[in-house]
Amino acid sequence: MRLVEIEDLHVSFSQHDGLVQAVRGVSFGLDSGESLGIVGESGSGKSVTCAALLRLLREPPAKITAKTLSLSGHSVLGISNRAISTLRGRVAAMVFQDPMTSLDPVFTIGHQIAETILAHRKVTKREALAQAVELLRRVEIKNPGAVTNYYPHQLSGGMLQRAMIAMALSCEPDVLIADEPTTALDVTIQAQILQLIKDIQAETGMGLIMITHDLGVIAETVDRVVVMYGGKVMETGPVEAIFSAPLHPYTRALLNSVPGQTAGKQRLVEIAGSSPNPSHPPAGCPFHPRCPLAVAECRQTAPPLETKAAGRQAACIRVAAEMVAA
Ligand SMILES: Nc1ncnc2c1ncn2[C@@H]1O[C@H](COP(=O)(O)OP(=O)(O)O)[C@@H](O)[C@H]1O
Ligand SMILES: [Mg+2]
């Protein structure tokens, strides 16, 4: 049984001036112990995909449809609020870029972690607080006992993100979903937090979904990658394969826009053109207006995600031709 199964997910938001088609037919899965990166430029539908999976979107304005949308075999479509809150935390827990979306400024860190534990487990308040201290120690916060009495504003950005990870781990989730967890942090702290997440994953064997616009983060932390663009999956495959021989022209463009090892000397090449307007997505392949290889058919028909090599899929009719040419 897969930890996460997403098949043909569509998410739209109705607004006064029309429909925002944020996710348009996304499919992917996650097996236990596996780590998956979801990468793509801002606005490609990464966060909405995972928020839909945990049913964190307000419906309406959001409308979610899918052939399959499940966590550890439980469908989250048409599920009660109570049932989804049990799955959240226990089966899948999420860490966000901005800790203050999940932390309440008026309660101490210890109180908030203990409350999460109490919501899911039959333990006393005292036991929950003791577990909160242990969790803070696990995320390498110094003086965890003292930190339980701190309020969020008393912690640095890196410490807050560690506290968020502690909270997410409090119910021993089968899968941790981290949405740009280090984007707001400086490079050194970012590396430490990614290492921490990797270590915890190795130790617990939990599944990991790492959402990021930063390919560098992906390279360091995951086994498999899903590349998203314009609310669709462009390419998926093992991380080494994606980096050494990207199939989709969008993945190539994304890799070219990352400064290399000699960062500073090398210029960052931006992908020419702008990403699609989700209120009026282009017909055909969403990348065709920016794609150097686009032909007439790309403008008319959205290519399906097809297996192009062992363990590798891409949604591009030009992949085979391009690989021969390369
Ligand atoms: N609540 C919402 N209402 C309307 N549009 C939204 C809402 N949330 C996200 N969107 C739109 O959906 C698209 C995908 O957003 P998102 O998943 O957050 O992108 P990403 O995480 O890849 O940067 C964006 O165009 C965004 O503006
Ligand atoms: Mg996002």
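Author: What follows is a set of questions on how the terms apply here. This is a predicted model, in which local features need pLDDT of at least 70 and side-chain atom pairs count only at pLDDT 80 or more, while totals for chains, interfaces and linings use all residues. Residues are numbered from 1 along each chain as its sequence is written, chains are lettered from A and ligands numbered from 1 in the order in which they are written, and side-chain values use heavy atoms, with hydrogens and water left out.

Reader: Why is E235 called buried?

Author: Buried means under 20% relative accessible area, exposed means over 50%, and partly exposed is in between (1.4 Å probe, protein chains only). E235 has a relative accessible area of 0%, so E235 is buried. E235 lies in strand β11, residues 232–238; strands (E, at least two residues) and helices (H or I, at least four) are DSSP runs, numbered from the N terminus.

Reader: What makes the pairing of E235 with the side chain of R312 a polar contact?

Author: A polar contact is a pair of N or O atoms within 3.5 Å; within protein, one must be able to donate a hydrogen and the other to accept it, and residues adjacent in sequence count only if both atoms are side-chain atoms. The side chains of E235 and R312 make such a contact at 3.0 Å. The side chain of E235 also reaches the backbone nitrogen of H248 at 2.8 Å.

Reader: Why is S70 called buried?

Author: The relative accessibility of S70 is 9%, so S70 counts as buried. S70 is found in strand β5, residues 68–71. Contact means heavy atoms within 4.5 Å; leaving aside neighbours within four places in sequence, S70 is in contact with L3, V4, E5, L53, S75 and V76.

Reader: Why is E297 called partly exposed, and why is E172 called exposed?

Author: E297 has a relative accessible area of 45%, so E297 is partly exposed. E172 is at 59%, so E172 counts as exposed. E297 lies in helix α11, residues 296–300, whereas E172 is found in the loop between α6 and β8 (175–179).

Reader: Which residues are the closest to ligand 1?

Author: A residue is near a molecule or strand if one of its heavy atoms lies within 4 Å of it. There are 13 residues around ligand 1, and the closest are G43, G45, K46, S47 and V48. An oxygen atom of ligand 1 is 2.8 Å from an N or O atom in the side chain of S47, and an oxygen atom of ligand 1 is 2.9 Å from a polar backbone atom of V48. The largest share of the shell, three residues, comes from α1.

Reader: What kind of peptide bond joins E59 and P60?

Author: A cis peptide bond joins E59 and P60, with omega about -15 degrees. P60 and P61 are also joined by a cis peptide bond, with omega about 10 degrees.
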